[in-house]
Structure formats: structure tokens, C-alpha cells
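Here's a quick briefing on charged side chains and overall build. Have the model open while you read.

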Amino acid sequence: MAFYRAHVLVCCGNTCSMRGGAALLQQLARLVEEKGLKDEVRVVETGCLGISEHGPAMVVYPEGVIYARVKAADLPEIVEEHLLKGRPVQRLMYRGPQAPKMEPETKVTYFGKQQKIVLRNCGIIDPRSIEEYIAVGGYQALGKALTEMTPMQVVEEVKKSGLRGRGGAAFPAALKWEAVADAPGREKVVVCNADEGEPGNFKDRLIMEGDPHSVIEAMAIAGYAVGARHGYVYIRGEYRQSVENFERAIAVAREMGLLGSNIFDSGFDFDITVYKGAGAYVCGEETALIESLEGHRGEPRLKPPFPVTHGLWGMPTLVNNVETLACVPPIISNGAYWFSGIGTEFSKGTKIFSPCGDVLLPGVIEAPFGITVREVLFDIAGGSRSGADIKAVLVGGPSGVMIGPESFDRKFAFEDLSPGAGALIVMDETRCAVDVVANCLKFFAHESCGQCVPCREGCKRVRDIVYGWTRGEGDELELDMVRRVGINMRLASRCGLGQFAPVALLSAMELFPEEFRAHVVDKRCPAGVCPMDSVVSVKEEQLSWQR
Amino acid sequence: MAKVTLTINGRPVEAEEGQTVLQAATAAGIYIPTLCAHPDLRPQGVCRICVVEVKGQRVLPTACTLPVAEGMVVETHTPNVREARRIVTELLLANHPTDCLTCSRNQTCELQKLAKEFGIRHIAFEGEKRHLDPDTSSPSIIRNPDKCVLCQRCVRVCHEIQSVGCIFTSNRGWETEIGPPFGMDLAKTACVYCGQCVAHCPTGALETVNPSEQIWEALRDPDKFVIVQTAPAVRAAFGEEFGMPPGTPVTGKMVAALRQMGFDRVFDTDFTADLTIVEEGSELIKRIKEGGTLPMITSCSPGWINFIEVFYPDLLPHLSTCKSPQQMFGALAKTYYAHKIGVDPAKMVVVSIMPCVAKKFECERPEMRSSGYKDVDYVLTTREAAQMMKEASIDLSRMEDEEFDKPLGISTGAGVIFGATGGVMEAALRTAYELITGKELPSLDITAVRGMDGVKEAVVDVDGVQVKAAVAHGLANARKLMDLVQSGEADYTFIEVMACPGGCLGGGGQPQPTTPEIRMKRLQAIYSIDKDMPIRKSHENPAIQELYREFLGEPLGHKSHELLHTHYTPRSPYLEIEEEQEKSLV
């Protein structure tokens, strides 16, 4: 095996690819060869580094220096200065566009406050290489589970770890695993929910592009634990690269006997099928996902019965989010005791957050539960990008609650401030809460499956009314009307989509009552964002009369 | 079934495990308003009207879907619940046309009922209403999608109970529509016009094609001789339209009311039901003796005929070639009867009152002109006929009993039981047995073919020959039988199929609502009428005997074939699509 003195991992994740990551990689490899460094420096493709807005990106090891916004013209300098002479190129190092250079303290907190468990391999290994995954300890957990543990012991380990779902619902994973394991039925199935539809979430994409084997291994462990011999990964249709990476990884795993019959000579069979979604957020709801897998309209089912007893084609089905599953191999390898030592009393382990919007360093980070909002926004994500104060954060995406600075010292934990699936959409003072909320409602109105009245009709009405407010329409009565409909959706909707769609609106109205009143009553947008063009046209008419 | 005790509104209620809160509450006499729930259908929980408050749950579950549990504490009318129902109704009304005054469901609409019940005086939401064009492509059913509240009852009935599935949900969210796929016209789909969708629809989104205006015109025209015939099942349900309890036989009142409307003759489809039995009984005997296609299957349900033409065209030879009683009547009216009383058949208008929606399609079939004219001119459903009476201020419930006109108003008990599932089979067996053996059946009540089981079987020993009979009602049950016939596993001699649950008494044109309870009451009414009739066997009907003597000659004779028998046409809409696809491949 060749030993290299340096590795350059070029991000070929979704966004960097779109910006020419692949071409950069080839060019860099060529330059490295031209300089005679081919046997000393290895140029490798890797998955998303999690700093999407600042791509194309690459990371140079052993220093761990991340270069952002790399252009083809920068490559000779990187090769000459850094790879040949050992002098990292300061101007290209990862920092915000208008902010001062990344101070050592910031670097410490940015990396120091994070703890990469799920993302341990992303940006470090070549996702196409199963050998690299194995080299960093991959498939050890599966081996341990199959050869040293009984299925019940695996479930116990997950239970002791305190692992809770990472897709937003935070249900204790072991309860689901146990229910499926105990459910009557010869055939059972594991489903990985990779629909990742929440705007502002791109963490599952990272995992699937950068470390697909971790999910494959996790699904196999889960299958062993609950008695399933087959797994499905439901990947949203838009994630073409994730689908490709996954299918490639499954094929390679099969070749090596890590999927298929008699894995590790244990007598356990397990295989995985990839299934593509077709553009419906509602299919992230586990029963709608199952309906879609069955070839039906992606409409949520009634619960009870729950998928754990009656799921895919009536079989007991375990549905878990990508991130939840990715926690499993480390739990088995390092033990539940280790995992439960991280985090808080009721929220164990780490969580991936995706701060985005008006922050200096948007991207994907991973930190233990218990970290405060302030730490994530400022210490890790670098605070406001523009310099204007941070006004509010949508915690969990459009289906999440809007919080203001007075809540920034709250801890991210299911028992305190639930992070949902981790999206943190940051708004600074230049943003208008009404405008942001209108956008959220537009999303839900588009994605509602349409089965039940509160959501189908409610989303439409509330969306139209709030959009009207951004145009200067509406009156004071609508403030209360919208609240009533929102509460109706919270209480009477048939599924989680309808129940959580109005949360952003209701919390924003509580947080910024004056801003809403200004729009509706004074026909004024304090942030100066909303077009208010109905008012203008009324004024025009009045003026034309006067003429 | 294990018992479960829960608390509803502070009262302990005993329920059975597996029941829903709605079922338990209804059984205990506790009212919970509903919209999308229907006793015939699996609950969907989409309208959210029947939400209740359950201790320990943050969200409000729907009573129609929530399974009872020991110790559950339910409140059905808390302020939260009432507010939720109110907003749901307001949201529905905001997206609904406001032409109640001229709507076919004015005062019978379930949405209107909820609006009144909840005291809604103001619809807060102004704004877009979804607009979709009406579908008037078929002779039986009109779709008004603007009035659809997306309760999915029609979809559930069409898929689960009728196994036709010609309508479904398309698009999502606000754009959701229910109808045929790809915006097709209903007439171009596999729709069999059974009208169960119309019967279950809570609003005016689905209605029947109503010929009332043309009938009034005919009645007004001194030049026209207007005859009305009434189906067996109609007399067991007509009273419901006038506030009478379900299951009240109103034969005499119905005749009186129709006479008052101005019909020149009030006749009875039961007469030709008897005729059908003589013809079909003879046909069955002939097939048994001569090795004809067996099992023979009844052909009086036009929804069923459409179904077999669409889905099992290869089984068409099994059908009896007899027309339905409605069509036999029309053919005879404009030949035999017109001649008998010296009326020009060109001036005769034959109106039928049917529990059926598919009969509107049936009378338009090109082969139904055996008399040289359109044999049956107009078909009214029970609901439409009642509406005409109300327009003329005729209150059926207050009429004095009158008798049908003769001779086409004379019938037997065997004729009236056509209205119930198993009735045709029973009537046929009563006659066939005697025709073959020369003896009367030991009991005229063949209970094995009666009742609401989806598929019923009976074996009747006819002089040593085992006649194996099967009866199905509801097209999903018919499908089960047809699959057996197709695979060769069925060893029946004679099969009766009725498209509608319960038989004609549960037809698409009957009074609304239709529920298992109401249909059972109509069933009991029909058998009680049969029991009380002086003659209970079709072949003993003196008017039928006279008909053969004077006109037809003998059963299956030349005249019968000309007027009383028909042929069938495969009509799968998919054939057209397959042909087009093949053409494009060439």
C-alpha cells in the first residue's frame, strides 16, 4: 500500500459538483502529476463537506485546511505554495466572504464545539471506496452484532444508548425496534427514510453522498435486530447523486459479501433496494412513504395501526431516518454507555444541525445535545453574515418554531428546545417575518396531500391571506382568523404535515406582533421587504382621481 | 368479542373490542356529527367533522377511525371540539358554490345540514373557489365537481363495494380532484352507471339525469297517452321521501299519487317481472335439457349487464337473453297493449319509475326499440318521482290506497320480490320447479337465497336434478362469482346478480340515505308484500296467461324473441385504448 504525505479531498457533493467540482479534481490531479508529486500527494473525490454555499471546496490533510470557493485559476497556487512548499494559501482558506479572517479562536470553537459521530467519515474518506470505509472501522459493528450478539442484545444496546429519532419526531428508536422485533409475522422489513424534504435540511444528503456504507451497515444491523431480511431506502427523487452513490455502495457491499446471503457466515441474509421518491414532501411521513413504496398515492395512513405492526404490504416495518440509522454502528462499536455519556439527560448523543440563511458559515455541523442556540449560531456558525443583528431563527425549518434572541441561551435538546430535524434558518434584521412566514405557507400549501379539510383548505386560505398581507391587503380581522385556522390545523389535521404547517406562522405572530400589525393595519413593512403593491395601486387610483 | 368500557361525556359506555368510538357512541345513543363517514364504507377520517377530545391526547382524533380502548375518556362536544367542527365547516363552505336554492340537494344536502346544525351565519374566508367543469357526458349521471367536498365516499363505493374503480383522486393539496383519470368524460370510462356513487354522495356533486320536464310536457299534452310502470323495489321505499319510516309498504298510495299526477295508465313492472320469470324459467329448462351454456346468469340488472360487458365480455353467452322487466314492459306496451286499446303507439309515452340509475342508460340502448319505437321513453328514479309529486303538492303519505290498472298492473308475489337480492332466483325456482316436476315446491319461501350476505348459495332438488343456485349483490361480490365461472371452478346451474347492495332496494336511485339498516327494513317490506299476495307464482298470473294466449303464443316463441329478448355488446373502454396503442406501434 502506497503512503502519501498529503491527501487532497475534493468535494464532489451535489452543490460543488454543480459548480465544477469534478473538473477541478481532474485538473488538480493533472497539476500534481506535472509537478512530479503523484506519489506523494493523493487527490481524491469525497462527499459533501458541509459548507455548500462556499463551494467548490476541498480539504488538504494532514493539516485539515479547508479551501473554499476554489477556482481553476487558484489550483496552480495551491499546488505550488501548499503542496510543494508547505505554505497554506491564506486567502482561500474557509472563512466568510465579508468577515475578517477566521481567527484562531473561531477555528477552535468552529471545530472544537463540534463532535463528529455521524459525520465522522464525511470529507475524510472516498465514499466510493468500501476499502477506505473498512479501513476506518467500517462494518466492524455489523461483524460484532452478527457474531457476538443476539438480536435482542442489539436492541438492548440501542435502548441503553437512549437513541431517539433524528428525522424530527424524536421517537425513542429502541421502542420501534422492539415493537417490530416482537410483532407477529414471518416477514419483516427495514425502511430508511431518506426523503429529506424539510427546506433547510441537507444533512441526510451529506451522509448518503459522503458515507453511504454507514447507512448500509446500520440497516443490516437493524435487520438483524428486528428479524428483517430486506431493507428499502426511500431517497427523494431530487437526490440523484445520493441514489447513485447508494446503488454503487450496495453493489460493492454485495460483492464483498457484506450484503446478501449468510453475511459473515452467520446465517443472516440481508439485502437492500433503493427506491426513488417523486417530489412529495408528504412522503417523508412514514405511512405516506410506505404508501408510495407500495405504488399508491403518497397519502398518510390512519394510525393505529402503526407501521411497526402493519407497515409495508402489511408487514411489521421499521422506519428510521438516515441520521438515526447512522448513529447505530458507532453505538454498537463503542457501546451504549459511551453514546449515552454524550448529550443531555433525555437527548443522547450528537445532532446534526444545518445552520443556513444569514449566518457567516452556513453548512452542516454536528454537536452534542445540550449545546445552546447561541453556541451554534455564533461560536460555530460565526454569527450574522451581514453584520446586522440576528432577528430570529426558524428552528427545524418551516415546520418549526420561530425563536428570537431571548431564547438563544436555550439548549438544543428534545426536553428543552427541540431542534426538529436540525434545520436552523437564520434571519437577520433585514428580513421580514411576514414575508418569511408567507414563503413557509406557500411551501405547505404546495405539499399538502389534500386528504383532510383542515390542511388542504387551511393551508390554501392562510397562505393566500398572509401573501395578501405582503401586498398590503387584508384587515385586522384576518389576524384572528388566521390564528383560528392555524389552531384548527394544529388540532384537527389528519397527519403531522397539517399539524405542524402553521407553527411558523403562529410562533412568528407571537414573536413579532407589531410587525404583523404594521402590515395588516398600517399597510407598512418595517423591514422594507414586502412589495405592498396593492396599497400602491390604491394610492395610484386616488392620485388619478385628484388629477 | 371482548367487551371494553369507556367514558363518553361522563357516561360509562360498554363497547366491543374493535369498534370505533363513533360506533360505540351511536349504539349508546350519543350523537356525533359526521360527513365523510358512512356505515357502508371503511372510515377514512378525512373530513375531520367527527373529531372528539380524548384525555391524554393533544390532537383531536376522529371518532369514526379511533378504536375504543378500556378506560378511554372521550368528550364529544367541548368548546375546542365545537370550534374545530365549525372551522372545518366554514372552510368547506368557503370553497363551495352558494346556489343552494337551486341545487338538486336543497334541504337534503349533508353539508347544508352541518351548516345549519353549527349555526354558521358568516363565512369568514373570501377568496378563490376551485372551479372544474361539470361532466354531462353520460345518460345517467351528472358530475358537478365544484360541489365536491372530497369526502371520498364515491371513490370508496366504486372501488371497494362495486370493484369498478372508474373514478379516483388526482393531484394533491388544493388541486385535488375526484373523477375519472386524465380528465376523461365519465361516459368514456368503465363506469357501469350503477349510481352507487350518487346514492352515497352527501352533496349535489353527483346527481342523476332528470327527465321530469319532458314528462310534465307529455302529461300536459292531450295528444299523448302516458303510461307509467313502477318497479318492485320502489313501493318499499317511496314513503321515505315523504317522511314515512323506512320499510313501510306504500303500494296503494303510490298508485293513487301517480294517478293524481295525470298518468293515463298506472301499471306495474311486477307484471313483466312475472313475464320474465316465465321466459327465463323456460330458457333455463331449455339450457339444462339441451346442454346450453351453464351457469345461466340473470340479466335484469342493467348495472350488472354493463359490468359484465366491460369486465367479462367472454362470459356474455352465460347471460339469459331475456330483457329486463322494464324493457319487456315498454316493448309490450307499444305493441300488445296499444293494439288492445286502439291507441297509436307513436303517441304512447312510457315512463318507468325505478330505484335504478343504470336504467336510464338501458332505455337508450339502440337495441331497445323492438316495438318500432323507443320502448321505454323516460326513466325516473324514486327520488325524482317524489320530487315531481311534491311539485304538484301531492303528499303520497296521505293518499288513500288505489289499485293498479289492468291488465298490465296485475302481478304476483314472485314479481315483487325482484326488488330484493335473491328475489329473482326465488321467483324463478318457484316456477321452474313446477314447470319441470308438475308439483308445487314444498315451501314457496326459499330462505337460503334471502338476506344480506354478499354471496348466497342454495341447492334445490328438482326431481332428482340438483339445481345449484348462487346469488350475488354488489358488483365486488359478482366479480368473485365471475372469477369462479371464468376459471371453471363454479358448478352452479343458475346465478342471480344484482349490481346494488341489497338488490334493487338499495339502488342508486332510491331515497337517501342508504344504510344497511334501512335496506334491511325495505327487504322486510318486500317479503311481507309477497306473503300477503293472493298469487305468489309468476306462471299463475292470469294476465300473463292471457298475454300468451292472445299474443305471444308460447314462452321462447317467435314473438317473445322479437320483443322480449335481446343481445349484448362488449364495451370495455380499454379496448379502444389498446387498439389505439397497437395502431401507434405499427
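Let's start with a pair in chain B: B:Lys531 and B:Asp445 form a salt bridge, with their closest N and O atoms 2.8 Å apart. The pair links distant parts of the chain, 86 residues apart: B:Lys531 is in helix H16 (residues 516-532), while B:Asp445 is in the loop between helix H14 (423-437) and strand S14 (455-462). Keep in mind that this is a predicted model.

**Around that pair**
- B:Lys531 is exposed, at 51% relative accessible area, whereas B:Asp445 is partly exposed at 22%.

**Other salt bridges**
- Over all chains, the count comes to 83 salt bridges.
- In chain A, A:Glu77 meets A:Arg91 at 2.8 Å, N to O.
- A:Glu77 sits in helix H3 (residues 75-84) and A:Arg91 in the loop between H3 and helix H4 (104-112), so this bridge ties together parts 14 residues apart in sequence.
- Back in chain B, B:Lys3 and B:Glu16 pair up at 3.6 Å, N to O.

**A negative patch**
- B:Glu576, B:Glu578, B:Glu579, B:Glu580 and B:Glu582 gather in a patch of negative charge on the surface.
- B:Glu578 belongs to helix H19 (residues 573-585) of chain B and is partly exposed at 44% relative accessibility.

**Chain B as a whole**
- Chain B has 19 helices and 16 strands.
- Its radius of gyration is 25 Å, close to the 25 Å that the globule rule gives for 586 residues, so chain B is as compact as a globular protein of that length.
- Of those 586 residues, 61% count as buried.

Terms used: Residues are numbered from 1 along each chain as its sequence is written. Chains are lettered from A and ligands numbered from 1 in the order in which they are written. This is a predicted model: local features need pLDDT of at least 70, side-chain atom pairs count only at pLDDT 80 or more; totals for chains, interfaces and linings use all residues. Side-chain values use heavy atoms; hydrogens and water are left out. Patches are made of residues with over 30% relative accessible area and no salt bridge: like charges are joined within 9 Å, nonpolar side chains (Val, Leu, Ile, Met, Phe, Trp, Tyr) within 5 Å. Accessible areas come from the Shrake-Rupley method with a 1.4 Å probe; for residues, only the protein chains shown count as cover. A salt bridge is a side-chain nitrogen of Lys or Arg within 4 Å of a carboxyl oxygen of Asp or Glu. Lys and Arg count as positive and Asp and Glu as negative; His and the chain ends are not counted. The place of a charge is taken as NZ of Lys, CZ of Arg, CG of Asp or CD of Glu. Helices (H or I, at least four residues) and strands (E, at least two) are DSSP runs, numbered from the N terminus. Buried means under 20% relative accessible area, exposed over 50%, partly exposed in between (1.4 Å probe, protein chains only). The radius of gyration is taken over C-alpha atoms; the globule rule is 2.2 Å times the number of residues to the power 0.38.
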